[in-house]
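Dear colleague,

I am passing on the structure we spoke about, with the sequence alongside.

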Amino acid sequence: MIDTKILLNTLLHLLPVLYGIAFFNYILVFVTEEVLVRRVARPLVSIAVAVNAVYMLGFTIFFQHVPFVTVFQMLGAVAFSMAAIYLWVETKTESPY
């Protein structure tokens, strides 16, 4: 059986890496004309948002409260909200990247 605390801790440490990769990829999107960079931009943000959603859901189930208690948890929730809204807007406007 998977230890929930280890899984949540792993996801917590993986999230900044995923968001960082997506951030630097979007920097490359705006400064270069590489097709591959543009093609992987939205999936990278989608993966980061999905992993963040899984983390928040797992945290809520395991600790029996939403992760909005500490400053760091609130900042994580704000980051998740901003990324999810950006992804939604990018999808709705059919932006090429």
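What follows goes through the helices, the nonpolar cores and the aromatic pairs in turn.

Please keep in mind throughout that this is a predicted model. Helix H1 runs over residues 4-31, and its 28 residues reach 41 Å from the first C-alpha to the last, which is close to the 40 Å expected at 1.5 Å a residue. The buried residues of H1 are Leu-8, Leu-11, Leu-15, Leu-18, Ala-22, Asn-25, Tyr-26 and Val-29, and what covers them includes helix H2 (35-63) and helix H3 (71-92).

Several of these residues return in the largest nonpolar core, which has ten residues: Leu-8, Leu-11, Leu-15 and Leu-18, together with Ala-48, Val-51, Tyr-55, Met-56, Phe-59 and Ala-77. H1 and H2 each supply at least two residues of this core, and the largest share, five residues, comes from H2. If residues up to four places away in sequence are not counted, Leu-18 touches Ile-47, Ala-48 and Val-51.

Val-45, in helix H2, is worth a separate look. Val-45 has a relative accessible area of 9% and is therefore buried, and, leaving aside neighbours within four places in sequence, Val-45 is in contact with Ala-22, Tyr-26, Ala-83 and Leu-87.

Turning to the aromatic residues, the count comes to six aromatic pairs. In one of them, the rings of Tyr-26 and Phe-30 have their centres 6.3 Å apart and their planes at 35 degrees, so the pair is tilted. Tyr-26 and Phe-30 are separated by about one helical turn, because they are four residues apart in helix H1. Tyr-26 counts as buried at 9% relative accessibility, whereas Phe-30, with a relative accessible area of 52%, is exposed.

The rings of Tyr-55 and Phe-59 likewise form a tilted pair, because their centres are 6.0 Å apart and their planes stand at 45 degrees. Both residues lie in helix H2, four residues apart, or about one turn of the helix. Tyr-55 is buried, with a relative accessible area of 12%, and Phe-59 counts as buried at 7%. Ring pairs also link Tyr-55 and Phe-59 with Phe-62 and Phe-63 into a cluster.

With best wishes

Note on methods: Residues numbered from 1 in each chain as written. Predicted model: local features only at pLDDT ≥ 70, side-chain atom pairs only at ≥ 80, totals over all residues. Heavy atoms only, no water. Expected span 1.5 Å × (residues − 1). Buried < 20%, exposed > 50% of the residue type's maximum accessible area, 1.4 Å probe, protein only. Contact = heavy atoms within 4.5 Å. Core = buried A, V, L, I, M, F, W, Y, C linked by side-chain atoms within 4.5 Å. Phe/Tyr/Trp six-rings, centres within 6.5 Å; stacked < 30°, edge-to-face > 60°.
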